[in-house]
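User: I've got a model open and would like to talk through how its parts pack together. Could you take my questions one at a time?

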Amino acid sequence: MVSFLRFLINGISLGSVYAVIALGYTMVYGIAKMLNFAHGDVIMVGAYISYCAMQYMGLPPIVSVLAAMVVCTALGVIIEGLAYRPLRQAASLSVLITAIGVSYFLQNVALLIWGSNPKNFNSVFSVGAIRLFGGELVITSETMLTIAANIVIMIALTLFTGRTKMGKAMRAVSEDKGAAELMGINVNRTISMTFAIGSALAAIAGVLLCSAYPTLQPTTGSMPGIKAFTAAVFGGIGSIPGAMIGGLLLGVIEILGKAYISTELGDALVFAMLIIVLLFKPAGLMGKPMREKV
Amino acid sequence: MKMKKKTLSNLITYAIVILAFVLCQWLIASGRMTRSLKGQMVPICVYVVMAVSLNLVVGISGELSLGHAGFMSVGAFAGVIASAWMAGAFAMENELLRLLLAMVVGGVVAGVAGVLIGIPVLRLRGDYLAIVTLAFGEIIRNVLNCLYFSLEGSRLHVSFNNPNLPGTILVNGPNGAKDVAKIATFPVGFALILFTLFVVLNLINSRSGRAIMASRDNRIAAEAMGINVTKYKMMAFVTSAVLAGMAGALYGLNFSTITAAKFKFDTSILVLVFVVLGGIGNIRGSIIAAALLTVLPELLRAFNDYRMLIYAIVLILVMLATNNPTIRGLFTRLVPQKHSGTEIVEAKGGAEE
Amino acid sequence: MSESIKRRSATKMVPAPSHGIIPERDLLSTPVLEARHLGIEFGGLKAVEDFNLIIGKTEIAGLIGPNGAGKTTVFNLLTKVYQPTMGTIMVNGRDTAGMNTVQANKLGIARTFQNIRLFDNMTVEDNVRIGLHNQIRYGMFTGILRMPGYWKQERQQHLKALELLSLFDMQDVANVRAGSLPYGAQRRLEIVRALATNPSLLLLDEPAAGMNPHETEELMNNIIKIRDQFQIAILLIEHDMNLVMGICEGICVLNYGKIIAKGTAEEVQNNPVVIEAYLGKKKEG
């Protein structure tokens with residue numbers, strides 16, 4: 001029972017990281033209608049920046065996180081402007097191939113800069129842990145911070161898209177780019193803004209991910225990236241609470257699957273979930289179905 | 001007039017392949033080819049077949065598949081096991097026959113996998129379809145890591161997640177297959193390329209091929225014309241899987257060890273780079289791109305560190321260029337009236353449908 | 001024949017679906033289309049409601065109405081792009097319940113699209129050959145192995161495609177990429193492609209859109225020619241009233257998803273409800 005609780009808490013912790021990544025995916029997919037395959041690699045860049053800031057420049061953890069957010073935000077906006085914006089009218093096949101290209105580009109640049117040896121990422125948070133059941137069940141500070149960060153981010157994003165002018169513009173662009181443009185909304189700037197927010201979230205996700213799983217490599221972001229996309233689809237792409245629920249569920253399923261079914265097949269389970277969700281509920285748990293105009 | 005043009009274009013493609021083969025054979029016979037390059041001959045054939053077969057799905061059928069290496073791995077393991085079984089159980093000495101049969105087995109098993117995967121995948125569209133092919137590629141790799149095969153006399157044992165099998169171990173879970181009899185040869189690789197071209201080019205220029213391309217260009221119109229879109233997408237997908245499986249078997253029997261890790265997502269992307277660089281829908285382009293990009297890193301060793309980086313940049317630049325109206329306009333003026341398969345296809349976004 | 005009359009008189013028990021649009025020459029044959037109480041809802045919104053229409057075997061019928069009246073939705077229902085939430089559709093006396101678009105086409109319904117949907121990257125001839133897909137057939141392996149059947153059927157398909165293209169004098173552009181044709185020619189190609197599926201009912205969605213008066217005139221002649229030559233029924237959506245009033249034997253007026261009038265051109269034109277909803281503005285202008 002205690003071990004089940006431990007797996008559950010680990011699952012929620014991992015799921016919270018997925019949820020933060022999924023929020024970035026869901027915003028970009030909801031507004032720009034494209035699968036930003038490189039999102040996972042922005043996470044990796046964020047983790048490296050934070051690592052370098054702490055390791056080589058001796059900056060305090062909070063500053064390193066802020067530095068990572070600034071760099072990733074800039075990176076996201078640059079990627080969008082250079083690689084994705086020219087393809088706004090292009091077929092989705094071309095956009096996806098470009099995004100895969102960007103993903104490989106980031107991974108290989110990271111490989112050239114930081115090498116392939118895994119870096120040992122020191123946790124950004126060093127508060128104590130909660131011990132329950134006579135120390136058998138440990139809830140680490142990373143877990144608590146991850147969950148807290150996840151909740152704060154979700155509330156902030158919901159308020160942002162619901163209350164602010166830019167948030168409303170985002171929703172308008174998501175519904176109909178052409179009509180939004182006619183209403184005087186700067187579509188390019190809105191999409192840039194979406195990438196900026198998504199990438200800043202990716203930086204936070206990177207730090208959270210590496211605090212929980214401290215090996216940092218150029219490929220660190222790709223698997224969690226794909227899984228977080230699964231989470232976003234699971235929850236209903238474009239939906240902010242959906243991304244959170246999807247992320248949590250997926251994290252729990254993965255950890256429990258690895259614990260009780262097979263370690264080797266943990267990833268396969270997650271992907272099987274993706275396939276099942278897409279086949280039977282393609283709009284996800286909280287998404288709305290769309291139909292093509294004939 | 002048009003028939004002649006298409007036929008001529010196809011004949012040129014065959015001619016290029018045959019000439020390249022003759023040239024390579026001459027280089028090998030006259031001792032002008034380095035050993036390392038000679039070792040690349042079979043992989044080149046394998047990647048050419050992989051690229052052409054992926055182009056059938058991406059270019060002709062218009063669906064982005066990111067799990068093509070999965071079919072290759074299925075074919076590789078099926079072929080390696082079949083070859084060892086034929087040698088062990090029937091004492092089949094003839095290596096050529098064993099290789100050909102192993103390739104058939106690899107193709108059939110990959111084809112079955114193609115059907116099983118195609119049924120769910122082809123119900124999806126656009127980005128979702130692409131992501132699910134990626135998911136299946138990863139699932140195949142995970143499952144292969146859990147599979148164990150052994151040969152006891154003429155009996156083949158299989159187990160899932162249990163390494164304790166009687167007899168000689170053929171496939172050892174994540175450690176893959178060891179001491180594989182290296183029976184793959186360059187001439188057979190060349191023959192496989194010709195076979196692939198024959199199948200793919202003849203398919204494109206037939207009633208079925210036109211239905212596949214119509215389904216790509218406009219799904220709704222194709223259905224309104226009485227075309228069973230799913231059937232034809234399936235036809236392209238499974239044909240492609242069979243060819244990838246045959247290539248996989250050839251690949252598996254070219255090395256003494258083979259593990260599922262060799263068929264990672266990176267391999268699928270590598271093949272996609274060949275297809276994109278050769279021109280989506282352009283079969284001849286795929287052949288040239290696959291051959292050149294497999295040889296080049298061998299020739300330019302120093303450039304190896306930057307290889308994937310350059311591929312990534314190539315992917316982005318080719319996509320930006322082919323979608324740029326100015327460049328496209330220039331291109332269509334230079335090459336007027338291209339064959340129907342050679343244009344960048346228009347796939348609608350998954351979310352819209 | 002007598003059976004079909006019996007069935008039609010039996011339908012008289014429910015509210016009469018048609019008011020004598022069917023021309024006299026078609027009265028004795030099974031109607032090509034019989035839609036009864038057809039309707040569809042999109043999330044509670046009734047896009048089409050209680051739509052009743054009978055089209056005779058060689059009738060040219062028009063479906064008109066203001067923008068957003070639900071005309072294209074009717075086409076999508078008839079071709080099974082959307083599954084109706086209410087009512088039945090009979091094609092040549094057969095119920096289409098549960099069928100999909102492909103099956104509806106095989107049963108004899110072919111259509112064109114308001115926003116042209118050609119196979120842009122294929123040649124004009126190949127577009128028509130797609131229409132012939134279910135007329136001249138051979139399997140995948142016959143094609144790959146180039147068996148004798150392949151050469152024979154390909155030849156047949158080629159000749160048939162050219163013959164159909166010659167209807168609109170398009171045989172000279174057979175090898176041109178369909179996407180590079182001028183707009184009017186694309187509309188004509190869509191009609192040829194639909195005809196190639198050997199339909200008994202041809203649905204034309206705004207065939208004259210974007211055409212000049214001269215082209216429209218030619219199109220009207222061609223529509224009549226197609227009907228006479230192929231002996232099929234044609235239902236068309238069109239905003240060009242000269243075309244509709246000029247060639248349609250029966251006209252059905254749709255507004256807010258409901259039929260507000262049915263009859264001959266003259267009857268419809270003089271119907272005060274129609275004038276109020278739609279034609280009134282047209283007449284003043």
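User: How many residues of chain A are in contact with chain B, and how many of chain B with chain A?
Analyst: This is a predicted model, so local features need pLDDT of at least 70 and side-chain atom pairs count only at pLDDT 80 or more, while totals for chains, interfaces and linings use all residues. Residues are numbered from 1 along each chain as its sequence is written, with chains lettered from A and ligands numbered from 1 in the order in which they are written. Two residues are in contact if their C-beta atoms, placed from the backbone, lie within 7 Å. On that basis the counts are 39 residues of chain A and 43 residues of chain B.

User: Which element gives the most to the side of chain A that touches chain B?
Analyst: Helices (H or I, at least four residues) and strands (E, at least two) are DSSP runs, numbered from the N terminus. The elements giving two or more residues to that side of chain A are H4 (92-114), H9 (222-235) and H11 (266-280) of chain A. The top contributor, with 14 residues, is H4(A).

User: And how many residues of that side of chain A are nonpolar?
Analyst: Ala, Val, Leu, Ile, Met, Phe, Trp, Tyr, Cys and Pro count as nonpolar, Asp, Glu, Lys and Arg as charged, and the others, Gly among them, as polar. Six residues there are polar and four are charged, and the nonpolar ones number 29.

User: At roughly what angle do H5 and H10 of chain B cross?
Analyst: Axes are lines fitted to C-alpha atoms, for helices over the stretch in contact, and angles run from 0 to 180 degrees between N-to-C directions. The axes of H5(B), residues 95-121, and H10(B), residues 229-252, come within 7 Å of each other. They cross at roughly 145°.

User: What classes of residue make that contact?
Analyst: H5(B) brings residues including B:Ala102, B:Gly106, B:Val109 and B:Gly114, and H10(B) residues including B:Phe237, B:Ala241, B:Gly245 and B:Leu250. No charged residues take part in the contact of H5(B) with H10(B). By class it has 16 nonpolar and seven polar residues.

User: Which residues outside its sequence neighbourhood is B:Cys45 in contact with?
Analyst: B:Cys45 is among the residues that touch the most other members of the largest nonpolar core, which has 298 residues. Such a core is a set of buried Ala, Val, Leu, Ile, Met, Phe, Trp, Tyr and Cys residues joined through C-beta atoms within 7 Å. Neighbours within four places in sequence aside, B:Cys45 is in contact with B:Phe186, B:Gly189, B:Phe190, B:Leu192, B:Ile193 and B:Leu250.

User: How many residues of H4 in chain C are buried?
Analyst: A residue is buried if 20 or more other C-beta atoms lie within 10 Å of its own, exposed if 12 or fewer, and partly exposed in between, with C-beta atoms placed from the backbone. The buried residues of H4(C), residues 124-131, pack against H8 (207-217) and H9 (219-224) of chain B, together with H6 (148-166) and H7 (183-196) of chain C. Charged residues such as C:Glu125, C:Asp126 and C:Arg129 are on the buried list. The count is eight of eight.

User: What is the bridge partner of B:Phe149 in S3(B)?
Analyst: Chain B has an open antiparallel sheet of three strands, in the order S2-S1-S3. S2 (155-160) and S3 (168-172) of chain B each have a single partner strand, so one side of each is left without a neighbour in the sheet. S1(B), residues 147-152, pairs with S3(B) over four bridges. The bridge partner of B:Phe149 is B:Val171.

User: Is A:Val109 buried, exposed or partly exposed?
Analyst: A:Val109 is found in H4 of chain A. Because A:Val109 has 15 C-beta neighbours inside 10 Å, it counts as partly exposed.

Definitions and conventions
Pairing = 2+ DSSP bridges.
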